[in-house]
Amino acid sequence: MATRRMVMIVGVALATLPAWLGAQAPKTPTKGGAAAQQPIRVTSTNPALRLKGFDEHQAMTRSSPFKDLAWQFLGPKNISGRSTDIAVVGPRGRSYTIYVATASGGLWKTQNEATTWQPVFEQGPATTIGDVTVAPSNPDIVWIGTGESNIFRSSQAGAGVYKSTDAGKTWQHMGLADTYTISRIAIHPTNPDVVWVAASGHEWTNNADRGVYRTTDGGTTWEKQLFVNDRTGAIDLVMDPSDPNTLYASTWQRIRQKWNDPRNFPDYAGSSIYKSTNAGKIWTPITKGLPDPKFRGRIGIDVCRSRPNVVYAFVDNYEISREPTEEEKNDPYGLPSSGFIKGATVYRSDDKGETWTQVSGLTPEQKTFMERSSNTYGWVFGQIRADPSDPNTVYTMGLALNASYDGGKTFTRLQTPGSDHHGLWIDPDNSNYLINVFDQGFALSYDRGATWKDSRLTLPLAQFFNISYDMDTPFRVYGSMQDHGSFRGIGDLSRGRDRIPTVDFESAPGGEGSTHAIDPADSNIVYSSGFYGTVSRSDLSKPRGHALRSKELLPERYPDEPRLRGEWLAPTILSPHSNQILYHGMQCLFMSRDRGDTWDVISPDLTYNTASEKGDIPYHTIFTISESPLRAGLIYVGTDDGKVHVTKDGGKAWTEIVAGLPYQKWVSRVVASAYDIGTVYMTQNGKRDDDFTPYVWKSTDFGKTWTGIAANIPIGPVNVIREDPVDKKILYLGTDSGVYVTTDGGKAWNTIGTNLPTAYVHDLIIHPRDNMMVIATHGRGMWVVDVEPINKKSTRLRRPFEN
């Protein structure tokens, strides 16, 4: 019996996914006579099954009947994405090789100092890279740790460490698959078989595979040398440049909750700094002079190469600086309701960590500067670098790249091409030469940060959350990108369906977390959501600055009404029956019949609305909406806390339709069929439980019962499902591994093409007129493929289509 997708449901192991996907939960009558959902809990996925699932995905790609379809990179070619680390083969002059690790776009290599790049790790169970390191004694040996340790809203789980012995041409998985996030890899200066790995552990759940690991046989076996507890991992690791047996490690106690970013809790005591003088066999806490344990968050560390007795620590300090106002408490964008913290604080030791002294933020001006450098989300940053030749020059990374030339007393902001900084390399032979990575890509400086060579545009790493389209000729696609905003690009078929050019994208209405709905009759009218549920209407025919170009639409609430909660990507859709009717999801569903000028609330709170799950970021919100193209007023709504509802009368009455579904799994998409009035499709995403089960569902009775149609999909999570515009049996899925298609209604699935990198496919559309699929990936931009060979649209009658 196959066991590749073992799950645990309320303590019972069920070996094959399809068997339980079709099962029904116990039904308990409610007062209204409906069936109430019973907890069907699924544990996190066994990492071995993730690895096996990806192997099966690759095998499916090689044997797919659609393997010859070619994906074309649409763009953007003028926007890059988040990079996390750098490794350089020195010395410069004899080598110009640089490796750049990216948050969700794999590993990239240049051999000509960023003039051109090639991807050297773009296929794997995880293409999120936390660290890259080159062996000092052999530049052909390269290690990467998968799993970005900057656990942001868009971070992904890694799958362990990989090693290349041929400078990135081939890779071998070397274990630690259940660590999920790797923050640092250190390699012995003369023996490349001796490697240390700092693993910070699962993002969403507690687990024991975290801490500092060592191998002495090149990764064949591992010894866990430092472990604190199953919520505390190792977030940084540095080696004394004068003694490879002396190591410093920092630990970080943290977990991300669906309603909270990583925060310190009153009982936290795990964040600390440790030192070993015997190659990691024994670790000793070195905390004299640091804040109390309950105030320590993420900690970055570094040692000065020319004076190794000088060690710096960059502490996210949770001591309260000031209390927030009532208005600030309600701001979901990274402001903790507990108060404003001191945040970024630099400590220095001149005795190899035996004692620490705070050196930053000692004047009112510098105190303000430091508190603002990472704001209240220092858990995203936390990197510090000491100049290898000058112990008084030190750099910190936060919203900006900051430099101090007086031992950390005074910091100034360097003017760089990007923001939100995550990595810095300083040439040990020439400390004027800097390489910096940030949310917009990569840049080099030859004058210690005074000027920069902007190399952002050479790495195609755009992190899209979603995609929409218009009906212009040629059509445009819209999407919002992490830390960039909203953009649109043209799908130009004029040169042929197999010669679509890669294009620059231009700015579009909305922000970095926006959904878009474009009027099918007038592509100048664009509806866009904003951070956590705001919504606006833009008329792009009006010039910028015109009073009628943009209008905010979200209605004001009365003081006695519950405060609105909106998702980061709050859904906004146009009715398929009228371009005047707009739906917008918060915790309840809003409907407008006049393009958003006025609104009606047409539902109660459709979420669990659990008081104990209220935090600093909105949760218990609507994430997906679909109105049937066959019947106006037949509307489905799915939430981020796993609820699904349907109304058949435009919102007068709602029915909860969750029987048989796993408990509180994020509803990533719901789609009312354009072919059968009672048919609805739905996907769920278990990422926030470290659950990689592929949840794909179909109902033919308006959601009263659900049948699993994941069939042979080997691994999830699943982000989106779409119907084909001409064939009811054809469905498309976007997952964290790629794109799947079924031509028999979900009995069997195949992949599409062989040239698509492993990509986090967050959304996809099939343009109904041009019959082209465009996918929005989180880390590799947008790609397009011709689906005519799949659905044979040119030989069929056109069928209804849901926008």
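This is a predicted model: local features need pLDDT of at least 70, side-chain atom pairs count only at pLDDT 80 or more; totals for chains, interfaces and linings use all residues.
Numbering runs from 1 along each chain as its sequence is written, and side-chain values use heavy atoms, with hydrogens and water left out.

Next I looked up burial. I found that 64% of the 803 residues are buried, meaning under 20% relative accessible area with a 1.4 Å probe, protein chains only, while exposed is over 50% and partly exposed lies in between.

Then I checked the elements, which are DSSP runs numbered from the N terminus: helices are H or I, at least four residues, and strands are E, at least two. The protein has 5 helices and 60 strands.

I picked helix 2, residues 47-63. Which of its residues are buried? I got Pro47, Leu49, Arg50, Gly53, Phe54, His57, Met60 and Thr61. Down the axis of helix 2 they fall within an arc of 145° (taken from the directions from the helix axis to the C-beta atoms), so they line one face. Arg62 and Ser63, on the other side of helix 2, are exposed.

What do the buried residues of helix 2 pack against? I see strand 56 (739-742) and strand 57 (750-751).

Last, I looked at the start of helix 2: a side-chain oxygen of Asn46 comes to within 2.8 Å of the backbone nitrogen of Ala48.

Notes:
The expected span of a helix is 1.5 Å times one less than its number of residues. Contact means heavy atoms within 4.5 Å. A polar contact is a pair of N or O atoms within 3.5 Å; within protein, one must be able to donate a hydrogen and the other to accept it, and residues adjacent in sequence count only if both atoms are side-chain atoms.
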